Amino acid sequence: AELVQLIESIPQPVVARVHGLATAAGCQLVAACDLAVAADTAGFAAPGGKGGWFCHTPMVAISRNVGRKRAAEIALTGDSITAAQALDWGLVNRVVPAESLDDEVRDLLGRATRGSRRSKAIGKETFYRQLSLPEAEAYELAARVMADASQIDGAHEGMASFLAKRHPVWTD
């Protein structure tokens, strides 16, 4: 729980770069990150299901990414899944050739961090807060935060640069 809370509290996007076999806590870390890019040669597992020490804590984050049935398969069998399966199951955002991994991570991180840092931090915090709320409460929270965030410098600069058809200059 502390790992997920830590990553959620970091005001910038956190991207996992997976180039090998991410097992147990390593797989948990991938699941806890905001975004994840894996080499096509990567694998993912919670191997405790094969042995004597079930992967209880890793399965919390993993199950929230891949869904109940797929998480149960990972947990109970202890078998590894491929990078392609991890993509299909929602554990990673994209799978790329191993030789392109660093470039793809840099590209995704660059796109995920562009814009106002303060706006991004508020957005990330609200995104994770609303996930645990019933839908009506999530919309209420999102609308309130969106209205408040419309008054920050980054929002003003974003709108002004759009209207002036110029590149924004972020000061935060």
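Which residues in α3 meet which residues in α4? The close-ups below start there. The model is predicted, with local features needing pLDDT of at least 70 and side-chain atom pairs counting only at pLDDT 80 or more, while totals for chains, interfaces and linings use all residues. Residues are numbered from 1 along each chain as its sequence is written, and side-chain values use heavy atoms, with hydrogens and water left out.

**View 1. Helix α3 against helix α4.** On the α3 side, Met-59, Ile-62, Ser-63 and Val-66 meet Arg-68, Arg-70, Ala-71, Ile-74 and Ala-75 of α4 (contact is heavy atoms within 4.5 Å). That set divides into six nonpolar, one polar and two charged residues (Ala, Val, Leu, Ile, Met, Phe, Trp, Tyr, Cys and Pro are nonpolar, Asp, Glu, Lys and Arg charged, and the others, Gly among them, polar). The axes of α3 (residues 56-66) and α4 (residues 68-77) come within 7 Å and cross at roughly 140°. Helices here are DSSP runs of H or I with at least four residues, strands are E runs of at least two, and both are numbered from the N terminus. Axes are lines fitted to C-alpha atoms, for helices over the stretch in contact, with angles from 0 to 180 degrees between N-to-C directions.

**View 2. Helix α1 beside helix α2.** Here the axes come within 10 Å and cross at roughly 35°. Leu-3, Val-4 and Ile-7 of α1 touch Gln-28, Leu-29 and Ala-32 of α2. By class, that's five nonpolar, one polar and no charged residues.

**View 3. Helix α2 on helix α3.** These two pack at about 40°, with axes 8 Å apart. From α2 come Ala-25, Cys-27, Gln-28, Ala-31 and Ala-32; from α3, Thr-57, Pro-58, Ala-61, Ile-62 and Asn-65. The tally is seven nonpolar, three polar and no charged.

**View 4. The largest pocket.** Its volume is about 720 Å³ (the space filled by probe spheres set on grid points, which are joined across faces, edges and corners). A pocket is an open set of points on a 1 Å grid over the protein atoms alone, where a 1.4 Å probe fits, with protein on both sides within 12 Å along at least five of seven lines; lining residues have an atom within 4 Å of a point. Of the 30 lining residues, Glu-8, Ala-31, Ala-32, Tyr-128 and Leu-131 are the closest to the centre. Helix α7 gives the largest share of the lining, six residues. The lining splits into 17 nonpolar, eight polar and five charged.
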